[in-house]
Amino acid sequence: MRILGQEFAGKVETLGDGVTAFAPGDRVYGTTGIGLGAYAEYVCAGGRRAGSVVAPMPAAMSYAEAAAVPYGAMEALRFLRKGGIAAGQRILIIGAGGSFGTYAIQLAKHAGAEVVAVDSAGKLEMLRAIGADQVIDHTKGDFADGAGDFDIVFDVIGRASFGRVVRLLRPRGRYVVANPHTAQFIRGLWASLTGDKKMIFSSGTVRDEHLRAVTELVETGALRPVIDRRYPLEQMAEAHRYADTEQKRGNIVIVVGREESVD
Ligand SMILES: NC(=O)c1ccc[n+]([C@@H]2O[C@H](COP(=O)([O-])OP(=O)(O)OC[C@H]3O[C@@H](n4cnc5c(N)ncnc54)[C@H](OP(=O)(O)O)[C@@H]3O)[C@@H](O)[C@H]2O)c1
């Protein structure tokens, strides 16, 4: 049976041959990568599994909090680094209220950028609370009207019109798309080859260094997970139904067994 799920937090039960970085009982978190399998009481992770990363959990976090961090935070970090985020820049984040977006806002603010976040009305207050300087409701007209110009546009969901976004970019601006559709991909490649604005797609994978950087940011207080709801493992179908509505704020956590605070 195929078990889904990519993120986890828990205690090391046993180690593979030659593993010296961890000991049984260590509190760890991470991703299982393309092998999935994280919706479970026992998870096999790390080693040579593609996209699987494991690290010690941030101190003083519960398993539920820690499990909401790895994938969204590492991907947001990876995309913003590819976009060249830096102090003094203006960044527009489209689809800012989900997992990637809520981490991207905090990472961009930490880097010293000015953040404009786009999502639906019910999430705007939360986006301001985690640091967005300006928020825009995408259901009320064209978010591009009056939004100004940007060094980076990070389109988390890949639904924005290519031409409209490119017009929002400053010279040498970066259009970072997490989930490009085919037309965006082709137009982006062409625009990147022929102009000074660059489109950046998802390529590569998360690595240990990304999770180490995320852990450090969580421990210094620069990054925190936004958790909307928690479901027991038995209610996985309901959790997925809720995620499919796109109404979730930040992350949903699946709690396996008893919810523990710190240990
Ligand atoms: N998080 C993960 O673990 C994970 C894993 C694998 C792949 N992904 C993919 O990565 C992408 C990002 O994931 P996520 O968890 O951050 O996303 P998410 O929770 O689906 O968030 C996307 C956000 O975009 C908003 N939105 C929808 N249409 C919009 C529009 N036209 N303009 C602006 N905002 C709009 C949604 O809100 P409203 O619907 O209320 O407008 C929602 O808040 C998704 O495509 C997802 O499928 C995520």
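Visitor: How many aromatic pairs does the structure hold?
Guide: This is a predicted model, in which local features need pLDDT of at least 70, side-chain atom pairs count only at pLDDT 80 or more, and totals for chains, interfaces and linings use all residues. Residues are numbered from 1 along each chain as its sequence is written, and side-chain values use heavy atoms, with hydrogens and water left out. Rings of Phe, Tyr and Trp (its six-membered ring) pair if their centres lie within 6.5 Å, with planes under 30 degrees apart counted as stacked, over 60 as edge-to-face and the rest as tilted. On that criterion, the number of aromatic pairs is 4.

Visitor: Is the pair of phenylalanine 79 and phenylalanine 154 stacked, edge-to-face or tilted?
Guide: A pair of aromatic rings is described by the distance of the centres and the angle of the planes. The centres of phenylalanine 79 and phenylalanine 154 are 5.5 Å apart and their planes stand at 35°, so the pair is tilted.

Visitor: What is the strand order of the open sheet of 6 strands?
Guide: Two strands pair if DSSP finds at least two bridges between them. Strand β4 (residues 90-94) and β7, for example, are joined in the parallel sense by 4 bridges, and leucine 92 has valine 153 in β7 as its bridge partner. The pairing in this open sheet is parallel, and its order is β6-β5-β4-β7-β8-β9.

Visitor: Why is one side of β6 and of β9 left without a neighbour in the sheet?
Guide: β6 (134-137) and β9 stand at the edges of the sheet. One side of each is left without a neighbour because each has a single partner strand.

Visitor: Which strands are the edge strands of the open sheet of 3 strands?
Guide: The 3 strands are antiparallel in their pairing and follow the order β1-β2-β3. Each edge strand pairs on one side only, and these are β1 (7-11) and β3 (53-56).

Visitor: What is the volume of the largest cavity?
Guide: On a 1 Å grid over the protein atoms alone, a cavity is a set of points where a 1.4 Å probe fits but cannot get out, and lining residues have an atom within 4 Å of a point. Grid points are joined across faces, edges and corners, and a volume is the space filled by probe spheres set on the points. The search of the whole structure finds 1 cavity of 30 Å³ or more, and the largest has a volume of about 40 Å³.

Visitor: Which elements each supply at least two residues of its lining?
Guide: Among the residues that line the largest cavity are Phe162, Leu169 and Met199. The elements that each supply at least two are α5 (162-168), β8 (169-177) and β9 (198-201).

Terms used: On a 1 Å grid over the protein atoms alone, a cavity is a set of points where a 1.4 Å probe fits but cannot get out, and a pocket is an open set with protein on both sides within 12 Å along at least five of seven lines; lining residues have an atom within 4 Å of a point.
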